[in-house]
Amino acid sequence: MNEETINGGLRPDKRDKRDIKIGAIYELPRLEDLPEDGMGIPKFIHIKDQKSDDTCVARSSDAVSEDQEEVELCDYFTFAIIKMIEGDPEGWGAELRSAAKAHQKYGALEKTDCPLCKTNSHNIERDRFWDNWPDKEVLLQLALKHKKASYFLVEGSYNKFDVIRATLWMCRLQKRSAFTGANWKSIWTYAKEGVIPKFDLEKGQFGHAFKIFDWKKIDGEIYLMAQLSNGTLIGNQGVFYFPRSVVNKEFFNAFTFLDMPAEEAKQRGWDWKIKTRERIKWYFNEICK
């Protein structure tokens, strides 16, 4: 397996105080109530293959949405919307928060509704520019049926590894998962059966986003299960297993989608300082422009 088969596209997010932490809204389950060997709830596991492009953020967020929608989504549409939001279609990769915003504001397009998917004629250098898409208003209307009410930062009173598990367990009946990422290391690519080693000295080579959808006990240790977007010839048919030490040290922010209306989430999740600042910003943008 050549190392070139792994490609990323994840840029690190800057901290944003407006992010709503899921642990600030909900009381997360007790860790002792979580099953040790995972949830065992089926997800929509369709291993994508980004090949040499930089669309992993779009693909990982689409994979999370697909768990709920149970249809395949057009990753190129999502990537174009993300790049439009960021205002830098020519730049490499994207941020996780931009993907969350794309799904909340615009939704996602089913492959069966995408004219370019139907003719297998996507071109990443062209399609990363939203202005190049045909029938944009029609596609935006079609994407609304998969629009998310709100997105949450997967943070709470536990460490990163456990807050992800607790969130997945809390949202298991709604088949929710989370998307995150890390600076990918070449040693991970060749991990036997996809089991990431607990310790190594290698530095990450590039940011790579992926979906976390469950956990599994391996040799007495619990690992988070990650669905990548690099085909089925690596890992365990495209799935990797991350240990606690690596998750807590290496993972970026994680996001998930919930059905709570965005305004309600802001009212419950923002403190008075953020609310005041946002009201002032709205006033100057809408009244004083």
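**Group meeting talk: a walk through the predicted model**

Let me begin with Lys 105, which has its place in helix 4, residues 96-105, where a helix is a DSSP run of H or I with at least four residues, a strand is a run of E with at least two, and both are numbered from the N terminus. What we are looking at is a predicted model, in which local features need pLDDT of at least 70 and side-chain atom pairs count only at pLDDT 80 or more, while totals for chains, interfaces and linings use all residues. Residues are numbered from 1 along each chain as its sequence is written, and side-chain values use heavy atoms, with hydrogens and water left out.

Lys 105 counts as exposed because its relative accessible area is 55%, and on this scale buried means under 20%, exposed over 50%, and partly exposed in between, with a 1.4 Å probe and protein chains only. If we leave aside its neighbours within four places in sequence, Lys 105 is in contact with Leu 144 and Lys 147, contact meaning heavy atoms within 4.5 Å. Lys 105 and Lys 147 are 42 residues apart along the chain, and their C-alpha atoms are separated by 6.8 Å.

Ser 98 also lies in helix 4, but with a relative accessible area of 8% Ser 98 is buried. Again leaving aside neighbours within four places in sequence, the contacts of Ser 98 are Ile 82, Ile 85 and Glu 86.

Let me turn to the nonpolar cores. In soluble globular proteins, nonpolar side chains tend to be buried together. A nonpolar core here is a set of buried Ala, Val, Leu, Ile, Met, Phe, Trp, Tyr and Cys residues joined through side-chain atoms within 4.5 Å. Which members of the largest core touch the most other members? Of its 41 residues, these are Ile 164, Phe 210 and Phe 242. At least two residues of this core are supplied by each of helix 1 (22-25), helix 8, strand 4, strand 5, strand 6 (221-227), strand 7 (239-243) and helix 10 (244-250), and the largest share, six residues, comes from helix 8. Not counting residues up to four places away in sequence, Phe 242 touches a list of residues that includes Phe 161, Trp 184, Trp 188, Phe 210 and Phe 251. There is also a second, separate core of 33 residues, which includes Phe 77, Ala 94, Leu 96 and Leu 139.

Next, the empty space. Rolling a probe the size of a water molecule over the atoms shows where empty space is left. The work is done on a 1 Å grid over the protein atoms alone, where a cavity is a set of points where a 1.4 Å probe fits but cannot get out, a pocket is an open set with protein on both sides within 12 Å along at least five of seven lines, and lining residues have an atom within 4 Å of a point. Grid points are joined across faces, edges and corners, and a volume is the space filled by probe spheres set on the points.

The structure holds one cavity of 30 Å³ or more, and the largest cavity has about 30 Å³ of space. Its lining is made up of Lys 48, Arg 59, Ser 60, Ala 63, Lys 211, Gln 227, Leu 228 and Ser 229, and helix 2, residues 56-69, gives the most to that lining, with three residues.

The second largest pocket has a volume of about 320 Å³, and of the 16 residues that line this pocket, the closest to its centre are Asp 49, Arg 59, Tyr 76, Lys 111 and Asn 120.

Gly 231 has its place in the loop between strand 6 and strand 7, and Gly 231 is buried, with a relative accessible area of 9%. Not counting residues up to four places away in sequence, Gly 231 touches Ile 47, Lys 48, Asp 49 and Gly 238. The C-alpha atoms of Gly 231 and Ile 6 are separated by 9.0 Å, although these residues are 225 apart along the chain.

I will finish with the cysteines. How many disulfides does the model have, if a disulfide is a pair of cysteine sulfur atoms within 2.5 Å? By this rule the count comes to zero. For Cys 56, the closest cysteine sulfur is that of Cys 74, and at 16 Å it is too far for a bond. Cys 56 is buried, at 0% relative accessibility, and Cys 171 is buried as well, with a relative accessible area of 4%.

Key
A disulfide is a pair of cysteine sulfur atoms within 2.5 Å.
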